[in-house]
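Dear colleague,

Please read the notes with the coordinates open beside them.

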Amino acid sequence: MSLVYVGFAPHPPIAVPQVGRGEEEKCRATLAGMDTLAKAVCDSGAEILLVVSPHAPSDGESLSFLESIDGRLEGDFSAFGAGDVRFSWETVPEIIGALRELGGRGVRARLDHGVMVPLYFLERAGWRGRLVVVAAPQVWADVTPRLWGERIAAMLEALPQRCGILASGDLSHRLKEEGPYGFHPSGPRFDELIVRGLQTEPDILGSLPEILVEEAGQCGYASLLLALGARKGACRVLSYEGPFGIGYLTAELYRSSPVAGYARACLCRYVEGSRGDETEIPGDPLLKTERSCFVTLYKEGDLRGCIGTIKPVRPSLADEIRHNAVAAAVQDSRFRPVEADELPLITVSVDVLGDLEVAEVAELDPYLYGVVVGSRGRTGLLLPRLAGVDTVAEQLAIARQKAGILPDEEDVEIWRFQVDRYFE
């Protein structure tokens with residue numbers, strides 16, 4: 001797939017040493033998070049980066065993009081007293097043309113700090129690709145930021161190059177009295193919901209109350225929603241802090257994984273009539289380890305099959321994935337077998353299970369932990385972060401039902417486990 005990475009980055013100019021002149025040390029967590037993000041973009045092999053900035057010129061109602069006469073986008077930090085920090089990046093005419101076909105509007109302008117701050121860290125990490133800059137609409141009519149994200153992702157998938165999306169934005173500007181807009185209780189509440197949502201259930205972030213978003217005084221919400229709409233992934237919060245009364249969040253929203261890609265390859269080979277055990281195994285060392293996993297299939301967002309094991313039963317994770325990918329397609333009794341014409345509509349994820357830990361009910365969390373319940377040789381497992389499972393009670397009830405354990409049975413053992421979830 002062409003879209004290999006999606007991230008979210010803050011854009012405080014003070015984080016750039018030539019601007020901060022020592023003050024950047026007050027946001028060390030952000031500096032570390034930005035370095036981690038920049039390295040991840042480089043490691044992903046992204047040749048093109050589409051940056052979404054809330055400060056790029058826009059009429060507020062349509063998707064705007066920067067275009068240049070000479071094919072390069074330029075800017076500097078002269079407005080922040082560091083004019084010697086300059087940027088000049090080649091843009092991508094084929095993406096500019098595709099954005100225009102999607103209804104986007106071209107604007108000739110210089111790079112803003114919403115783009116240049118992340119670029120500073122990317123350039124320092126060694127990224128040397130090409131750049132496209134868009135401004136997410138702040139007024140939502142029929143086309144929401146999430147829908148723009150879906151459309152942009154589909155456009156990038158048609159390209160042969162490896163592409164990434166980086167959404168730029170700061171969270172609440174109202175975390176402290178001494179902050180730029182003073183303090184408001186909605187400020188820390190908004191930031192808490194965003195960070196918690198990314199760590200648990202990102203899908204809920206599109207339905208935050210409008211009054212909360214407005215009172216928080218943020219500038220990154222639309223950019224974040226656009227990025228989340230581009231690709232469902234295993235979100236990781238890399239850093240969060242608010243040292244100057246502004247919330248700085250750095251997060252990885254999606255990274256293409258050879259683990260999930262291998263599961264799809266095994267699935268496709270089997271469904272199309274080839275031998276699954278002839279599928280080439282990627283070089284990821286994880287695939288050689290002895291781990292248990294679940295392979296989950298979704299068709300247009302709806303569950304289409306899920307099979308796995310609580311403990312490893314095969315020599316390697318690659319063997320577990322190959323078996324479970326095929327089993328999810330043809331052995332899940334809830335669904336008819338997957339057919340070849342469905343494959344383009346199916347997405348695959350792989351949950352690699354951690355060790356089981358004996359747990360009390362108070363130690364469970366349906367967003368952070370999966371759960372296993374057992375009684376008299378019967379066991380039921382439920383993965384974490386499942387849509388519609390929001391409480392421990394719901395999680396335990398479903399796990400009991402899967403195990404055939406009655407609600408009033410008391411002789412029940414409980415284990416919890418964490419998972420690493422991989423997407424294509």
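**Aromatic rings**

Six aromatic pairs are found when the whole structure is searched, a pair being two rings of Phe, Tyr or Trp (its six-membered ring) whose centres lie within 6.5 Å, with planes under 30 degrees apart counted as stacked, over 60 as edge-to-face and the rest as tilted. One of them joins Y120 and F121 in an edge-to-face arrangement, with 5.4 Å from centre to centre and 85° between the planes.

This is a predicted model, in which local features need pLDDT of at least 70 and side-chain atom pairs count only at pLDDT 80 or more, while totals for chains, interfaces and linings use all residues. Residues are numbered from 1 along each chain as its sequence is written, and side-chain values use heavy atoms, with hydrogens and water left out.

Y120 is buried at a relative accessible area of 12%, and F121 is likewise buried, at 2% (buried means under 20% relative accessible area, exposed over 50% and partly exposed in between, with a 1.4 Å probe and protein chains only). The rings of F244 and Y248 make a tilted pair, because their planes stand at 55°, with the centres 6.5 Å apart; here F244 is partly exposed at 22%, whereas Y248 is buried at 3%. Ring pairs also link F77, F80 and F87 into a cluster.

As for charges, the charged end of R416 sits over the ring of Y369, 4.1 Å from its centre, where the criterion is NZ of Lys or CZ of Arg within 6 Å of the ring centre and within 35 degrees of the ring normal. R151 lies over the face of W148, 5.6 Å from the ring centre.
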